[in-house]
Amino acid sequence: MAFGVRSPCNEIPSVRAGASCQHACPLSPCLQAARCAHVEALLLCQRYADAEAGCSGLLEGRTERLYLEAEAAWRSGRLAAAADKLRAALAAAPGGSSAKCASLAAHVAELAALEEEAVAALEDGLPQACIDACTAMLGRLAPTACVGLACALLHRRAEAQAARRDWQVAIADLDAALALDAGHAACLQLRAEAHKQAGDYTSCFLDLQRLKKTAPGTPGLLALLEEAARLGLGHSGSGGGGGAGGMHGGAAAAALSVLGLPGSATSGQARQAYLKLAARWHPDKWAAGSAEEQAAAGEKFKEVQRAYEAVTAGC
């Protein structure tokens, strides 16, 4: 973060009530500094919408407020809005000059030019040019410091990979995006499609189940779930079989396969398999592993949980 890091501030100190309160609140340097620190802490926590809302407590039109609003905008993926804020910040700066605003403005302009190139390339049917532009942008970022923008870029690059029918490469980009933001609806939907095209109908179904929780209003979601369940059932060759515990239907069969069970498994068998896999992949067991191993175990643990939830929901 270009601005100085202050200690995270969970609450904004209130100004003592009194006859001078109305005059002191908007002008108190201490209060303004505390509010800036609060917004910076929200940015560090990747809570960009909250950070932008927190800027409303700062003096309108001042350089510091405009700068922080620009930080929230570009990190969430809104480069044009960030550029507008930075132009206003530079105009409001004493003497029309601010080193940090000028530095961030140059960075945003560079990213915006590459983004325009990537969008145009994808629209013109030039997936490799889009991939190159997105890769160049990602090379200029620390993804965990700008999750919204990083996810948007990974999604766009995955779209370009999908246009080339490089499904596994697209899935790898979407995995990376969802590791940053597990509830990114566009990435979940595109990964479900990529899994379907790659013939992994179970993973397709599970992604759509996650999408249902994250964005239940997604157009056509029910039809997509039904299709994934039908494909999963046909692929498993289970014939839609049920079991003594009431396991039946394509969705349940797809979820059961994640647990390593056939579509005819009983609810008791599903629970036993779930407990075994959950114990194996629980994050606590991988605390001493590498960062990559911990991330992989965490994702596998979530996948097992989602599968068991689908089974117990009677899908």
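View 1. Helices here are DSSP runs of H or I with at least four residues, strands are runs of E with at least two, and both are numbered from the N terminus. This is a predicted model, in which local features need pLDDT of at least 70 and side-chain atom pairs count only at pLDDT 80 or more, while totals for chains, interfaces and linings use all residues. Residues are numbered from 1 along each chain as its sequence is written, and side-chain values use heavy atoms, with hydrogens and water left out. The axes of α8 (residues 147-163) and α10 (residues 185-197) come within 10 Å and cross at roughly 25°; axes are lines fitted to C-alpha atoms over the stretch in contact, with angles from 0 to 180 degrees between N-to-C directions. That angle makes α8 roughly parallel to α10, since angles under 35 degrees count as roughly parallel, over 145 as roughly antiparallel, 65 to 115 as roughly perpendicular and the rest as oblique.

**View 2. Helices α5 and α6 in contact.** Here the axes of α5 (residues 79-92) and α6 (residues 99-123) come within 9 Å and cross at roughly 150°. The two helices, α5 and α6, are therefore roughly antiparallel to each other. On the α5 side, look for Leu79, Ala82, Ala83, Leu86, Ala89 and Leu90. On the α6 side, the contact residues include Cys101, Ala102, Leu104 and Glu115. By class, this contact of α5 with α6 has 13 nonpolar, no polar and 1 charged residues (nonpolar: Ala, Val, Leu, Ile, Met, Phe, Trp, Tyr, Cys and Pro; charged: Asp, Glu, Lys and Arg; polar: the others, Gly among them).

**View 3. A salt bridge between Arg78 and Glu52.** The side chains of Arg78 and Glu52 meet with N and O 2.5 Å apart; a salt bridge is a side-chain nitrogen of Lys or Arg within 4 Å of a carboxyl oxygen of Asp or Glu. Arg78 sits in the loop between α4 (63-75) and α5, and Glu52 in helix α3 (residues 48-54), so the pair ties together parts 26 residues apart in sequence. Arg78 is partly exposed at 37% relative accessibility, and Glu52 is partly exposed at 27% (buried means under 20% relative accessible area, exposed over 50%, partly exposed in between, with a 1.4 Å probe and protein chains only).

**View 4. Glu69 and Lys85 joined across two helices.** Their salt bridge spans 3.1 Å from N to O. Glu69 belongs to helix α4 and Lys85 to helix α5, so this pair links parts that are 16 residues apart in sequence. Glu69 is buried, at 7% relative accessibility, whereas Lys85 is partly exposed at 28%.

View 5. Asp207 and Arg210 lie 3 residues apart in helix α11 (residues 201-214), which separates them by about one helical turn. Both Asp207 and Arg210 are buried. Through shared partners, salt bridges join Asp175, Arg191, Asp207, Arg210, Glu299 and Arg306 into one network.

**View 6. The whole protein, for orientation.** Its secondary structure comes to 15 helices and 0 strands. Of the 315 residues, 41% count as buried. The salt-bridge count comes to 19.

Key
Contact means heavy atoms within 4.5 Å.
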